[in-house]
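Me: Hi! Could you walk me through this model?

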Amino acid sequence: MVSVVQNVAIDCADAYELARFWSRVTGSPLSPEDGPGARETQVLLAEGPVLYFNQVPETKTVKNRIHLCLRPETSRDQEVDRLLGLGATLVGDHRNPDGSGWAVLADLNTPDYQF
């Protein structure tokens, strides 16, 4: 027997708003049971585990030990521009002119949470 990853849990200050942001990033719907003010909200990815957002009262105090690596369906630069338009913040730019490299972004509402 083995275990299957059911969800990736992310503690945050506003579960519903952060889940809405990630729903727009991934193009995946929120759980139909979740709505404004929900303290637990899920983004139902088409493949893989659910993104589960859990509202907690305490603030983040140390570096996150998890981040989400994204692979866009368009070019990397187009996706960075789209995510910035959704409210993400550019934290580190490691892109090279030859198309290699990556960009580090912080998601909505939590500028110290990087993906």
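Reply: Happy to; we can go through salt bridges and then the pocket. This is a predicted model, where local features need pLDDT of at least 70, side-chain atom pairs count only at pLDDT 80 or more, and totals for chains, interfaces and linings use all residues. Residues are numbered from 1 along each chain as its sequence is written, and side-chain values use heavy atoms, with hydrogens and water left out.

Me: How many salt bridges does the structure hold?
Reply: There are five, counting a side-chain nitrogen of Lys or Arg within 4 Å of a carboxyl oxygen of Asp or Glu.

Me: Which residue does Asp77 meet in a salt bridge?
Reply: Arg95, at 2.9 Å from N to O. Asp77 is in helix α2 and Arg95 in strand β4 (residues 89-95), so the pair ties together parts 18 residues apart in sequence. Helices (H or I, at least four residues) and strands (E, at least two) are DSSP runs, numbered from the N terminus.

Me: And what about Arg95 and Asp93?
Reply: Their side chains also form a salt bridge, 2.9 Å from N to O. Through shared partners, Arg76, Asp77, Asp93 and Arg95 join into one network.

Me: Is Glu79 buried or exposed?
Reply: Buried, at 14% relative accessibility; buried means under 20% relative accessible area, exposed over 50%, partly exposed in between (1.4 Å probe, protein chains only). Glu79 forms a salt bridge with Arg82, which is partly exposed at 33%.

Me: New topic: which element gives the most to the lining of the largest pocket?
Reply: That is α1, with three residues. A pocket is an open set of points on a 1 Å grid over the protein atoms alone, where a 1.4 Å probe fits, with protein on both sides within 12 Å along at least five of seven lines; lining residues have an atom within 4 Å of a point.
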